[in-house]
Amino acid sequence: MTIRIGRRSLLAGAATVASIGALGGGAAWAQDARIRLMWWGSANRNERTAKVMELFTAANPGVSVEGESSGFDDYWTRLATQTAGGNAPDVMQMDYRYIFEYARRGVLRPLDDAIAAGDLDLSGFSEDAIASGVVDGNTYGVSLGANSSTMIVNRQAFEEAGVALPERGITWEQFAERAAELTEKAGKRGFHGSADGGSQEPAFECWLRQRGKALYDAEGKLGFDAADATGWFAMWQAMRDSGACVPADLQALDQLNIETSMVSLGHAAVSFAHTNQIVGFQGINQAPLVLVPYPTAGEGSKPGQYRKPSMFFSASAKTGVPAEAAKFISYFINDPAATEVLGVERGVPESAAVREALGNTLDELGKAQIQFIEELGDLAGPLPPPPPAGAGEIAFALKRINEEVGFGTAPEAGAETLVSEATAILARG
């Protein structure tokens with residue numbers, strides 16, 4: 001087994017690199033099959049994944065696994081480069097935002113034959129969990145867990161400042177006031193109540209859904225207009241002006257990973273993430289962290305959040321080891337030893353049997369994830385339509401344009417740019 005860690009993962013988690021690098025360069029005997037695995041994630045995820053790779057190779061003599069990890073922002077560039085060069089990994093971590101695009105481009109291998117042959121066991125999955133990885137009638141992804149978007153909140157920062165924690169049902173306006181109060185009472189240079197969430201696509205989507213809009217409609221067209229985007233950018237600009245959230249120069253440090261989030265860098269008490277990431281966040285933060293649902297639009301607010309597949313494993317259409325790749329995925333989601341190592345770091349397991357087995361072994365963070373998902377209640381609506389090709393590019397455009405607004409571009413101009421760029425991206429198909 002060999003593992004390569006991307007540059008940003010190296011910078012963010014040297015201890016992790018040392019621990020998984022000690023696992024060595026694989027077995028000394030000749031290998032009959034080699035599986036290349038690629039994923040994004042934190043140092044904590046790297047450690048857990050490396051351990052499962054080790055367990056799998058020990059249980060399957062003659063098969064080696066070579067792993068490669070990077071941060072989320074680098075991952076898609078690297079995957080696109082490898083795919084274009086005909087060198088895609090055999091098994092790759094995949095996101096709901098991208099799976100339809102990659103499947104329809106012929107990058108991914110349908111897994112239905114592997115399921116029928118018994119190489120991939122999804123018997124513990126619900127119909128909805130299986131369906132989440134289906135594109136145009138074929139199964140291209142296996143959900144590695146369920147999660148939802150969330151705020152990661154530094155409880156200690158609020159308590160020490162004597163400010164009430166954001167609570168379920170708080171409105172966006174109330175949240176802004178609460179965050180500004182924390183900034184003032186904490187009185188620490190470079191520390192603010194909240195990260196700047198204007199760049200976060202899940203937060204923007206939730207805000208739109210609460211107002212009866214959407215990122216994309218069922219036909220794959222934009223579900224919002226420039227007026228909606230102006231409202232979003234203006235809200236965050238007002239929070240910057242009041243000191244409620246970090247200024248643009250600090251937010252620019254966030255590279256869409258746990259290690260560079262504003263909470264982890266000590267610049268804010270609130271970051272925007274997904275429920276499964278609480279494990280990675282807490283692993284590098286000494287202060288106790290808690291999960292809090294997104295704020296609402298107030299009276300008449302519609303459900304904005306939703307339960308979603310945290311991520312998938314997919315197989316390359318060009319893999320030379322399709323059976324071994326399917327068996328690795330099956331091992332990853334079903335084997336008792338593997339799932340105990342993985343816990344809920346990638347989300348609440350989809351297999352009922354695995355959830356039951358883990359029930360008595362989960363720590364408080366694991367239990368908090370399950371409780372959060374179960375108690376979303378009327379804050380959660382249905383899974384949105386599958387994102388169109390280009391959705392990932394638009395998500396990065398949102399991040400860039402929000403930063404431009406933070407550095408002085410008017411919210412109205414930023415909104416026009418976002419709609420114009422997004423429309424052009426979708427037109428390319």
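**From one loop to the rest of the chain**

Modeller: Leu256 is found in the loop between α12 (248-251) and β10 (270-274). Helices (H or I, at least four residues) and strands (E, at least two) are DSSP runs, numbered from the N terminus. Please note that this is a predicted model, in which local features need pLDDT of at least 70 and side-chain atom pairs count only at pLDDT 80 or more, while totals for chains, interfaces and linings use all residues. Residues are numbered from 1 along each chain as its sequence is written, and side-chain values use heavy atoms, with hydrogens and water left out.

Leu256 has a positive phi, near 60°, although this residue is not a glycine. As background, most residues other than glycine have a negative phi. Leu256 is classed as partly exposed because its relative accessibility is 24%; buried means under 20% relative accessible area, exposed means over 50%, and partly exposed lies in between (1.4 Å probe, protein chains only).

Another residue that is not a glycine, Asp136, has a positive phi of about 50°. Asp136 sits in the loop between β5 (134-135) and β6 (138-139), and its relative accessible area of 57% makes it exposed. A further loop residue is Gln286, placed between α13 (278-284) and β11 (289-292). Gln286 is exposed, since its relative accessible area is 84%. From the C-alpha atom of Gln286 to that of Glu299, 13 residues apart along the chain, the separation is 37 Å.

Helix α10 (residues 201-210) gives a contrasting picture, for 10 of its 10 residues are buried. Among them are Phe204, Cys206, Trp207 and Leu208, together with Glu201, Glu205 and Arg209. After α10 comes Gly212, with a positive phi near 80°.

A disulfide is a covalent bond between the sulfur atoms of two cysteines; here it is taken as a pair of cysteine sulfur atoms within 2.5 Å. Cys206 is in none, and its nearest cysteine sulfur, in Cys245, is 17 Å away. That distance of 17 Å between the sulfur of Cys245 and that of Cys206 is too far for a bond. Cys206 counts as buried, because its relative accessibility is 1%, and Cys245 is likewise buried at 1%.

The aromatic side chains come next. A pair of aromatic rings is described by the distance of the centres and the angle of the planes. Rings of Phe, Tyr and Trp (its six-membered ring) pair if their centres lie within 6.5 Å; planes under 30 degrees apart count as stacked, over 60 as edge-to-face and the rest as tilted. A search of the whole structure finds 25 aromatic pairs. In one of these, Trp172 and Trp232 have ring centres 6.0 Å apart and planes at 85°, and therefore form an edge-to-face pair. This pair joins distant parts of the chain, with Trp172 in helix α9 (residues 172-186) and Trp232 in helix α11 (residues 226-242), 60 residues apart. Trp172 is buried at a relative accessible area of 1%, and Trp232 is buried at 0%. Ring pairs also link these two tryptophans into a cluster with Phe175, Phe204, Trp207, Phe224, Trp236, Phe272 and Tyr294.

Two residues in other elements complete the account. Arg34 lies in strand β2 (residues 33-40) and is partly exposed, with a relative accessible area of 45%. Beyond its neighbours within four places in sequence, Arg34 is in contact (heavy atoms within 4.5 Å) with Ser64, Glu66, Asp90 and Val321. The C-alpha atoms of Arg34 and Val91 are 11 Å apart, although the residues are separated by 57 residues along the chain. Ser330, in helix α14 (residues 322-334), is buried at a relative accessible area of 11%. Its contacts, apart from neighbours within four places in sequence, are Asp119, Leu120, Asp121 and Asp335.
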